[in-house]
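Q: I have a model open and want to learn how to read its packing. Where do we begin?

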Amino acid sequence: SLLHTWTQVDQYLNDRLIPADPLLEQALNHNAAGGLPAHDVTPNQGKFLQLLLQIHGATRVLEIGTLGGYSTIWMAIALPDQGRIVTLEADPHHAEIARHNLSHAGLMDKVDLRVGAALTTLPDIQEEYREPFDFIFIDADKPSNPDYLRWALRLTRPGSLIVGDNIVRDGEVANPNSTDERVKGVRTFLDMVANHPKLEATALQTVGSKGYDGFMLARVLP
Ligand code: SAM
């Protein structure tokens, strides 16, 4: 099947390009042991996020949707000493596993993990973090993507990057009649990005071990 081929190619690319990191592998094992859904980014996607942060010189990062902290670890290890990543997670069990994984990786001094629905914790973040974020990774409940975009615009500066994950959803994103609330959330999100005078953006389809999906990359204009 196609998924089988995509998975084999991901395996091949990861074996070739991504050095095995016990901390990242232990995080995935610990997630599975804790019963978390395997909705983490793949290793090559994690590396892609890491390279984006490094290319951008990001020091202040916001992630919406922590799960077990797998993507958080990828991004946190790319940050300079004074860098910080704020990551928001609604599910206390997911957050507990993430805290364990991030502590075990020795990264908690760079990470501020907040438990609670993001729309509840984002006002606190705005209050406490006076400096705008350089990079925002939106990867939580997709129906809330339009709200997360509004927050991302409040919490960034000209030049900041915004990445939205899972925007293709097996192709359903191109269906204007979809009744799936996640698809509707993503479509509204993309419309808002397209119509916003201070954003320019692109989106790419991806295939791999997690199936057929894609991500959006936007830049905040001056
Ligand atoms: N970024 C993670 C990674 O790649 O390792 C994967 C995140 S997973 C796709 C989405 C996460 O968002 C889940 O852990 C879910 O509990 C969380 N979530 C769902 N609704 C949320 C909300 N309203 N606020 C914050 N997090 C939420």
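Q: Which strands does helix α3 lie across?
A: Helix α3 covers residues 43-56. In this predicted model, α3 lies across β1, β4 (133-138) and β5 (156-165). Relative to β4, α3 runs at about 165°.

Q: What is the order of the strands in the sheet?
A: Read the sheet from one side to the other. The order is β3-β2-β1-β4-β5-β7-β6. That makes an open sheet of seven strands, with mixed pairing.

Q: Which are the edge strands?
A: Look for strands that pair on one side only. Here they are β3 (111-115) and β6 (199-208).

Q: By how much are neighbouring strands of this sheet turned against each other?
A: On average, by 15°, with direction ignored.

Q: Take one pair. In which sense do β1 and β2 pair, parallel or antiparallel?
A: Parallel. Strand β1 spans residues 60-64 and strand β2 spans residues 84-89, and five bridges join them.

Q: Which residue is the bridge partner of Glu63 in β2?
A: Thr87 of β2 is the partner of Glu63.

Q: Now helices. What describes two packed helices?
A: Two numbers do: the angle between the axes and the distance between them.

Q: At what angle do α2 and α5 cross?
A: Roughly 160°. Helix α2 is residues 22-33, helix α5 is residues 92-104, and their axes come within 10 Å. An angle over 145 degrees counts as roughly antiparallel, so α2 is roughly antiparallel to α5.

Q: What is the hand of that crossing, left or right?
A: Right-handed, as α2 passes α5. On the α2 side, the contact is made by Leu23, Gln26, Ala27, His30 and Asn31. On the α5 side are Ile97, His100, Asn101 and His104.

Q: How many residues of each class does the contact of α2 with α5 have?
A: Three nonpolar, six polar and no charged.

Note on methods: Residues numbered from 1 in each chain as written. Predicted model: local features only at pLDDT ≥ 70, side-chain atom pairs only at ≥ 80, totals over all residues. Axes fitted to C-alpha atoms, helices over the stretch in contact; angles between N-to-C directions. Helix = DSSP H or I, 4+ residues; strand = E, 2+ residues; numbered from the N terminus. Parallel < 35°, antiparallel > 145°, perpendicular 65-115°, else oblique. Left-handed = near helix turned anticlockwise from the far one by under 90°. Contact = placed C-beta atoms within 7 Å. Nonpolar A, V, L, I, M, F, W, Y, C, P; charged D, E, K, R; others polar. Pairing = 2+ DSSP bridges.
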